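Biologist: I would like to go through some of the terms used for this model. Please set each value against its definition.

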Amino acid sequence: MRAAKILGTAVGLGLLFAWMDSLFLYYGLPVRLAARGYAGGNPVFLFLAVHCSAYLVMGLLSMSPFFGRYSHAVPFAGCLFMLSLPGLLFLSEFVSSPFAASLALAGVLLAAAGVAMLIGRWGVLLSTLVPDDVAVVYGLSPILSLLIIRFFSLPGVSTLAVGAPLLTLALLWGTGGVRAEETEQLAPLPGFPIWRLAVFLFCFYAANGFLISLVPIVFARTEPLTDWIRVFSSLGAALVFRLYPRSDLRNFYRGAFPFIAAALFFLTFSPYRTPARVFLEGGLSFLDLYAWLLLIYFASRTGLRRGAVINLGISIIVLAGTVSHFSILFRTGASLFPGQSNHMSFALLGIFLLLILLSLWDGREVTFTTGGGAPGKTCEEEGFAGGDDGGDGGDADPEVKEKEEEMGRRMKLMEFNLTRQETEIALLLLKGAKDLNICSLLYISQNTLKYHLRNIYRKTGSSNRRELKNILD
């Protein structure tokens with residue numbers, strides 16, 4: 001069940017990414033609009049503007065309890081909106097010019113809102129998964145997106161416009177994403193620093209979008225090579241998070257430092273651009289995965305408002321990427337650095353912006369807690385992010401008693417020279433939390449948990465949870 005959910009989520013997101021990539025690159029949407037008499041603004045800009053606005057509207061609506069009762073209808077509306085694109089384009093062939101352009105443009109705008117609705121629901125489903133699973137979905141989605149585009153190009157890319165909405169809706173229904181907000185809720189975060197998350201997302205994706213826009217200009221490459229470098233960079237970042245024993249949400253972003261520094265070195269001192277491209281994509285993939293994990297981490301701890309956090313976070317990401325992408329159209333002809341071309345100057349400026357952002361971000365915003373989830377529920381078997389499955393009796397003042405016991409255990413754990421992370425894991429073990437529960441609460445991979453467990457047992461002289469509890473009680 002867990003593997004099916006992961007694969008279904010990766011395929012569903014891959015379908016939507018492939019649909020958006022092919023819409024303007026292979027489907028020829030601007031040409032189709034022009035053939036129907038459209039002579040207005042840039043259709044790419046209009047699409048992104050509506051796409052971003054849809055996330056914003058869905059995020060604001062998700063804050064309403066009334067809207068929460070009907071949130072399961074959002075994916076169906078999104079599917080209908082996406083299907084309106086080929087439908088209205090087909091009808092516009094039988095209408096005179098002024099009305100044909102209006103129908104075609106309406107299909108584009110409705111489709112932009114529809115794909116946002118579906119991606120937002122997939123994001124809510126991701127917030128119910130453990131971090132290992134989120135990383136796997138992140139690594140697989142770009143690969144599947146490329147394969148889906150190649151597959152649909154055989155019968156004709158036009159079939160993707162119809163097939164992607166229907167298939168992704170079926171997958172969303174089958175994986176439980178339609179009612180994902182009804183799954184296990186984790187304890188809320190104390191002092192939720194949402195504004196710092198918003199600043200980080202905007203700054204990073206503004207720099208990321210600017211660099212991606214300059215890639216075709218700065219780096220000599222072919223289109224297939226570009227796609228596969230980006231795909232394998234995403235997969236590599238996901239594997240590092242999943243397999244490296246010391247990676248967690250507090251320190252994972254630091255993995256981008258050596259890659260970006262190497263890219264800056266090759267851009268500045270080397271005539272070879274391919275190594276710079278590989279290192280740059282690697283560093284951006286580390287930060288991209290970190291940003292998504294960070295957004296999903298916060299969303300998983302906001303209860304029934306997780307849809308609001310996901311949609312508003314994605315709206316910031318799309319806005320930052322759109323602003324940076326279109327700002328390149330208004331660049332000046334003067335070079336920012338002597339001896340460098342204008343394009344190279346902007347590439348170096350984008351990398352410097354990333355390095356400054358990384359140096360200012362220290363992970364303090366990620367406040368891990370050992371609090372449990374909603375009482376009486378467990379989703380550990382399904383791979384959902386669950387809370388502490390231990391519990392107390394009905395004694396008087398159970399919370400006070402539990403806090404006193406935890407404080408006593410913390411004092412004893414200090415004698416064994418455990419790190420902060422090891423201490424939090426040991427406390428959760430003593431409460432009876434399962435492995436997947438601990439990974440969800442501390443947002444670490446299962447491989448990282450195994451690494452810390454070995455250290456805990458070695459330092460305390462125990463070999464399992466029962467012996468550890470006997471030592472500390």
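Biologist: Why is Phe17 called partly exposed?

Modeller: The model is predicted, with local features needing pLDDT of at least 70 and side-chain atom pairs pLDDT 80 or more, while totals for chains, interfaces and linings use all residues. Residues are numbered from 1 along each chain, and side-chain values use heavy atoms, without hydrogens and water. Phe17 has a relative accessible area of 31%; buried means under 20%, exposed over 50%, and partly exposed in between (1.4 Å probe, protein chains only). Phe17 is therefore partly exposed.

Biologist: What is Phe17 in contact with, leaving aside its neighbours within four places in sequence?

Modeller: Contact means heavy atoms within 4.5 Å. On that basis Phe17 is in contact with Ile119, Ser141 and Ser145. Phe17 and Ser141 are 124 residues apart in sequence, and their C-alpha atoms are 8.1 Å apart in space.

Biologist: Why are α7 and α12 called oblique to each other?

Modeller: The axes of α7 (residues 131-152) and α12 (residues 274-299) cross at roughly 135 degrees. Axes are lines fitted to C-alpha atoms, over the stretch in contact for helices, and angles run from 0 to 180 degrees between N-to-C directions. Under 35 degrees counts as roughly parallel, over 145 as roughly antiparallel, 65 to 115 as roughly perpendicular, and the rest as oblique. The two helices, α7 and α12, are therefore oblique.

Biologist: Which residues of α7 meet α12?

Modeller: Pro131, Val134, Ala135 and Tyr138 in α7 do, and their partners in α12 include Trp292 and Leu293. Helices here are DSSP runs (H or I, at least four residues), numbered from the N terminus.
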